[in-house]
Amino acid sequence: MATEDRTITPFPTGLWSQPQPSVPPLGADEPVQRIRVPASLRYRYNPGTATTRFLRGLQDKKIEGEACPSTGDVYVPPRGMSPTVGLPTTEQVEVGPNGTVSAFCVVHIGFGVNAPPTPFVSALILPDGGAVSLYGTILEIPIEQVRIGMRVEPVWVADDQLSTSFQNITHWRPIDEPDVAPELLKGHM
Amino acid sequence: MPDEATGELLEAPLVIEYPFNRTTGPVIGAFLTALRERRVLGITGADGRVICPPVEYDPVTSEPLTEMVEVGTEGTITSWSWVANVRDGQPLQQPHALALVRLDGADTSMLHVVDAPSPDAVCTGARVRIRWASEPEGLITDIAAFELTGES
């Protein structure tokens, strides 16, 4: 979490009508005007059986979804059931690792300890063989050149840093392949 | 339930934190500024009672309050409960009392922590004094705890 304080800009006239109180002399140079009061909820997260299988696959640099037994659509990360027909997914299917940018935006205000320097591109990436897109950051290309349909590959952390975490993929970067037509990405965001 | 393909289920800490950064306004700001100077301010209510911690508007008439006054750094416990099982984030990491403390010169009580050896040592009416943080920074936690003076 960033700790620097930002300059306080005055409220527009009339927005803050609270009168100034009379205060006993405190001998303080800088009155307190702003405080950090973080509120946190601490959980122990249990991803369940299907997502546990997915995370174990990531440790081996494999992106594994699970197929809907009715439609064959491969959901990744798998949650154990098909969201469209409600049936349990039982068949594991490896997808990617390469994928296609199905949507993106340029982030100008980053937050979180792992945010890259701004501006950067945050994107949805449809892994090859998957029915739904994954969140990822696109780096190693000027932001104005990122486009829907662009082909990308994941960049993994060093082998000795691999864990059962989606953070194994540090970011995605372009590969030298023709763009995918945007209409083929419909319904896969 | 673990299955054969999965092995042990994974589990990880997940912390959802909202990093609120709040403007204090002039009244709470003055209260916190005073704490940084190891002093405590209340505010005079519409009926003349001293409210500490100070509030910005009168609790009965709703009118803005503006007359801040200094109160003491010792006070009296008006109500309390014992925290036997300490959880993360609480002000003391050993069992302690949470108490309403009416500081000398104030007519209302503030909720804070009392560092006491056992619940047997705490009683309504017990006198307490502020133990200041070693480096006050303008937060309510500049009052590290109240400690018993031994009087009641």
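Strands (E, at least two residues) and helices (H or I, at least four) are DSSP runs, numbered from the N terminus. This is a predicted model, in which local features need pLDDT of at least 70, side-chain atom pairs count only at pLDDT 80 or more, and totals for chains, interfaces and linings use all residues. Residues are numbered from 1 along each chain as its sequence is written, while chains are lettered from A and ligands numbered from 1 in the order in which they are written.

**View 1. A:Asn114 lies in the loop between β6 (99–107) and β7 (120–127) of chain A.** A:Asn114 counts as exposed because it has 9 C-beta neighbours inside 10 Å.

**View 2. Helix α1 of chain A covers residues 48–59.** (The expected span is 1.5 Å times one less than the number of residues.) Buried residues of α1(A) include A:Phe54, A:Leu55 and A:Leu58. A:Lys61 follows α1(A), with a positive phi near 60°.

**View 3. Strand β2 (residues 39–45) of chain A pairs with β1(B).** The sense is antiparallel, over seven bridges. (Strands pair if DSSP finds at least two bridges between them.) A:Arg44 has B:Pro13 as its bridge partner in β1(B).

**View 4. Chain B touches chain A through 41 residues, in contact with 33 of chain A.** (Contact means C-beta atoms, placed from the backbone, within 7 Å.) α1(B) gives the largest share of this side of chain B, nine residues.

How values were computed. A residue is buried if 20 or more other C-beta atoms lie within 10 Å of its own, exposed if 12 or fewer, and partly exposed in between; C-beta atoms are placed from the backbone. Two residues are in contact if their C-beta atoms, placed from the backbone, lie within 7 Å.
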